[in-house]
Amino acid sequence: MDSTPSKVLAKCHNIDDLRSLAQRKVPKLLFDFMDGGAEDEVALRRSRSGFDRYQLVPHNFVDVSKINISTEVMGRKIDAPLIVSPTGLPKLFHHTGEESLVPAAGKHNIPYTLSSASSTSIEGVGNLSSGPKWFQIYVWKDRAIVRDFIERCKGAGFSALCLTIDVPITGNRERDVRNGLAMPLKMTPTIAFDMLRKPAWLYNALTHPLPTLANLVDRVEGDTSAADLSRYTEEQLDKAISWDDAAEMKEQWGGPLGIKGVLRAEDADRAAEMGFDSVIVSNHGGRQLDHSPAPIDVLPEIAEAVDGRCQIILDGGVRRGTDVLKALCLGATACMAGRPYLFGLGAGGQAGVERAMEILKGEIHRDLMILGCADVKDLGPQFLRRID
Ligand SMILES: Cc1cc2nc3c(=O)[nH]c(=O)nc-3n(C[C@H](O)[C@H](O)[C@H](O)COP(=O)(O)O)c2cc1C
């Protein structure tokens, strides 16, 4: 059952409107899981407010009769400087999960990054669109998992890998603790009431299989509930990873590789030196270390350190086209975003995700024109003014 008429989605004029709609449709417990950050959520808030420190200063008398927002990232031409960040278990927010997210990204020709903790398998996603598909990978203690994932990605037509390095352990997300979001879920009267108030979500949840970590079900013997697989994942995350592991992964994969979770210039320098194709400047959407810097705040020093040796992708806090323009002015080639597309998913399945993409693309196009820049590739510091 999909109960969101297109005219309701059309009334969502920006990402915040989609967020409000998702909040009305998804149980609070799950909405908070998608929306929240670690501890006091300072990093989450700053990832957004960091953009306000920059003003966009238009150049006038520029021919903007033709605008180009397409670019090239990790070896593929894409229709806008946008990438879908990896997010685990999206079927929690809407029963279709990746089956909505991947075709929407394919339709807009922007890369979709499948999480290691996805609710659809690598092979399942491979068949969902012909658009660019990336896979997010961790260094697992059992290196056989790493090798297996890499081989499966090669077989399923994934064009790039993205190594996440900021999760030695899951961040302390207190909204989840307070809401009683645990694996396995203990059905309390509060949670039951919360779900009953979202009848369309509940109907779909009851009439579809329970979401599980689809890439891992075959690796674990016995109980393959999401609860056990989540525990397995947490145990398997290698807390002693080194640059040697990153180098080994690079060799095994042999294709375009990004490193996600970089916030220090010296790490970006090392990644560029090692031949990584992109550095993904990210604080995991404020979900890991609270008080970590906003990605936009460290972007200038990272761009200086990288000095054009590899691409830079900004991830976190992007809710407006102008955020993307600012990141590109500071040296990024494209922006990843997670929640904006999840809000779209929760608000209205594939149509909601497409609405999020249309909104961001539309804003980039319009604001680029008003800024007096005909091509996203020509953005640079000449359009920015920093205020403190
Ligand atoms: C619900 C949710 C699940 C996530 N799961 C993963 C994951 O499995 N792997 C990963 O590298 N990042 C994960 N992230 C972080 C995102 O990839 C991304 O860094 C973050 O969402 C960016 O911030 P934004 O939501 O403000 O765009 C997750 C984020 C959210 C909101």
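Strand β11, which covers residues 334-337, is covered on both of its faces in this predicted model. Ala334 and Met336 lie on one side of the strand and Cys335 and Ala337 on the other, and all of these residues are buried. In a regular strand, side chains alternate between the two faces of the sheet.

**Strand β11 and its partners**

- Strand β4, made of residues 82-84, runs parallel to β11 and is joined to it by three bridges; within this pairing, Val84 has Ala337 of β11 as its bridge partner.
- Strand β10 also pairs with β11 in the parallel sense, again over three bridges, and here the bridge partner of Asp315 is Met336 in β11.
- Ala332 and Cys153 are 179 residues apart along the chain, and their C-alpha atoms are separated by 26 Å.

- Strand β8, residues 257-262, is mostly covered, with six of its six residues buried.
- Four bridges join β8 to strand β7 (residues 160-164), and the two strands run parallel; in this pairing Leu161 stands opposite Leu257 of β8.
- Four bridges likewise join β8 to strand β9 (residues 278-282), also in a parallel arrangement, and Val262 stands opposite Val281 in β9.
- From β8 the chain crosses through helix α13, residues 265-273, to reach β9, and this β-α-β crossover is right-handed.
- Cys162 has its place in strand β7, and it counts as buried because 30 C-beta neighbours lie inside 10 Å.
- Computed along the sequence, Cys162 and Val279 are 117 residues apart, whereas in space the distance from C-alpha to C-alpha is 9.3 Å.

**The bent helix α16**

- Helix α16 runs over residues 339-371, and its end C-alpha atoms are only 26 Å apart, whereas a straight helix of 33 residues would span 48 Å at 1.5 Å a residue.
- The helix bends by about 140° at Gly348.
- Gly372 follows α16, and its phi is positive, near 85°.

**The shell around the ligand**

- The ligand is surrounded by 22 residues, of which the closest are Ser85, Ser115, Gly285, Gly338 and Arg339.
- Sorted by class, this shell holds 13 polar residues, five nonpolar residues and four charged residues.

**Loop residues with positive phi**

- Most residues other than glycine have a negative phi.
- Met74 has a positive phi near 45° although it is a residue other than glycine, and its place is in the loop between β2 (71-73) and β3 (76-78).
- With 24 other C-beta atoms within 10 Å, Met74 is buried.
- Asp307, likewise a residue other than glycine, has a positive phi near 50°, and it lies in the loop between α14 (295-306) and β10 (311-315).
- Asp307 is exposed because its count of other C-beta atoms within 10 Å is 11, and a residue with 12 or fewer is classed in this way.

- Tyr138 lies in the loop between β6 (133-137) and α7 (143-155), and it counts as buried because it has 22 C-beta neighbours inside 10 Å.
- Tyr138 and Val167 are 29 residues apart in sequence, and their C-alpha atoms are 8.4 Å apart in space.

Terms used
Residues numbered from 1 in each chain as written. Predicted model: local features only at pLDDT ≥ 70, side-chain atom pairs only at ≥ 80, totals over all residues. Near = placed C-beta within 6 Å. Nonpolar A, V, L, I, M, F, W, Y, C, P; charged D, E, K, R; others polar. Expected span 1.5 Å × (residues − 1). Bend = angle between axes of the 7 residues up to and from the residue. Buried ≥ 20, exposed ≤ 12 C-beta atoms within 10 Å, placed from the backbone. Pairing = 2+ DSSP bridges. Right-handed = clockwise from strand over helix to strand, strands pointing away.
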